[in-house]
Amino acid sequence: LGLMLAKNARPIVIAAKKITLFISALLILAVLALFLGLAKRTLAEVKISRALTRSTLAQEEVGLVRALRLEPQNDTYLRLLAEVRKSLLREMLTQPRISDSAALDALRSAVENTLAPARRATQIAPANVASWVTLGNIYLDIASITSGAPAAAEQALTRAQALSPSDPAVLVSLASAKSLVNPEEAGIKAAQELLSRAQEIRPNFAPAALELARLLGRQDKTDEALAQYRRAVALASQDPTLRWEVGLFLLQKKQNAAAQSELEQAVLLAPNFSNARWFLAQLYEESGEIAKALEQIEKIVELNPDHAQAQ
């Protein structure tokens, strides 16, 4: 009986051994794949960490591109690359406008290079609100130079709001997009409702007050706009760019003394803030304080030797 059983069981044993070997081979391959994947991810993380500690945006961009060659489906890396390129694009937009075809082609290329990773991130991670926020904010940045950008921003930020309806930052950006898409009463009303809701959710959120101030300012509601500007300054008193913006608004409204105070604070917070110094020099000159005006202009020339107007 034992011999009969052994003889009959032999094919089963051989088959079992083959299955065991096959499973072992699969496990070894899986472990190797996991190891290689982890090694690849680790190398990409190293490149990312190096990129983000570089001194220039261009160097950060190069490091992020290299990391994405190793991890092309990583939506976080794509968003980081889009943000770095957005900063580079902002620098380009602050330069004097050149109308020759080469410069315009370079600007168009920069815009497309900035949008490409942001769009890709929304395709890879459509359920991640950060992907839609990044894309929407890029469209807002290029709204003044790209037709259709405000509508694209509204579409992306509407997706973001659907994913995170109580995020005040999303509400503020969406309000900005809506006011650009429809600057008439309906669009303004929709934007104000979003901004009011953002302030209800987070009363100490300075960007909500700032965007509401801009919106009210465009409607010539000076007192209401100033109240929101003051609220924003109270919440972010150490922001020199905010102080500069408030100063310019006051300057436009012929409130020169208040404008001078805000611009002086901006320069105090950021001594290299040439734009703030420029308007501050204008105010000093108008009030007859020529020595102070010259001091500001000389500092601008020191910071920007090629600034022909300051020279």
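## Salt bridges between helices

Glutamate 262 is buried, with a relative accessible area of 5%; buried denotes under 20%, exposed over 50%, and partly exposed the range in between (1.4 Å probe, protein chains only). Glutamate 262 forms a salt bridge with arginine 230, the closest N and O atoms being 2.6 Å apart, where a salt bridge is a side-chain nitrogen of Lys or Arg within 4 Å of a carboxyl oxygen of Asp or Glu. This pair connects distant parts of the chain, with glutamate 262 in helix H12 (residues 256-269) and arginine 230 in helix H10 (residues 222-235), 32 residues apart. Arginine 230 is partly exposed at 36% relative accessibility.

The model is predicted: local features need pLDDT of at least 70 and side-chain atom pairs count only at pLDDT 80 or more, while totals for chains, interfaces and linings use all residues. Residues are numbered from 1 along each chain as its sequence is written, and side-chain values use heavy atoms, with hydrogens and water left out.

The whole structure contains 14 salt bridges. In one of them, glutamate 61 meets arginine 85 at 2.8 Å, N to O. Glutamate 61 belongs to helix H2 (residues 57-70) and arginine 85 to helix H3, so the pair ties together parts 24 residues apart in sequence. Arginine 85 is buried at 15% relative accessible area.

## A salt-bridge network

Arginine 214 and glutamate 245 form a salt bridge with closest N and O atoms 2.7 Å apart. Arginine 214 lies in helix H9 and glutamate 245 in helix H11, 31 residues apart. Arginine 214 is partly exposed at 31% relative accessibility, whereas glutamate 245 is buried at 18%. Glu211, Arg214 and Glu245 are linked in a network of salt bridges.

## Overall architecture

The protein has 14 helices and zero strands, these elements being DSSP runs numbered from the N terminus (helices: H or I, at least four residues; strands: E, at least two). Buried residues account for 37% of the 311 residues.

## Largest pocket

The largest pocket is lined by 38 residues, of which Arg90, Thr94, Arg214, Thr241 and Trp244 lie nearest its centre. On a 1 Å grid over the protein atoms alone, where a 1.4 Å probe fits, a pocket is an open set of points with protein on both sides within 12 Å along at least five of seven lines, and lining residues have an atom within 4 Å of a point. Helices H3 (75-94), H5 (129-141), H7 (168-181), H9 (206-218), H11 (240-252) and H13 (274-286) each supply at least two lining residues.
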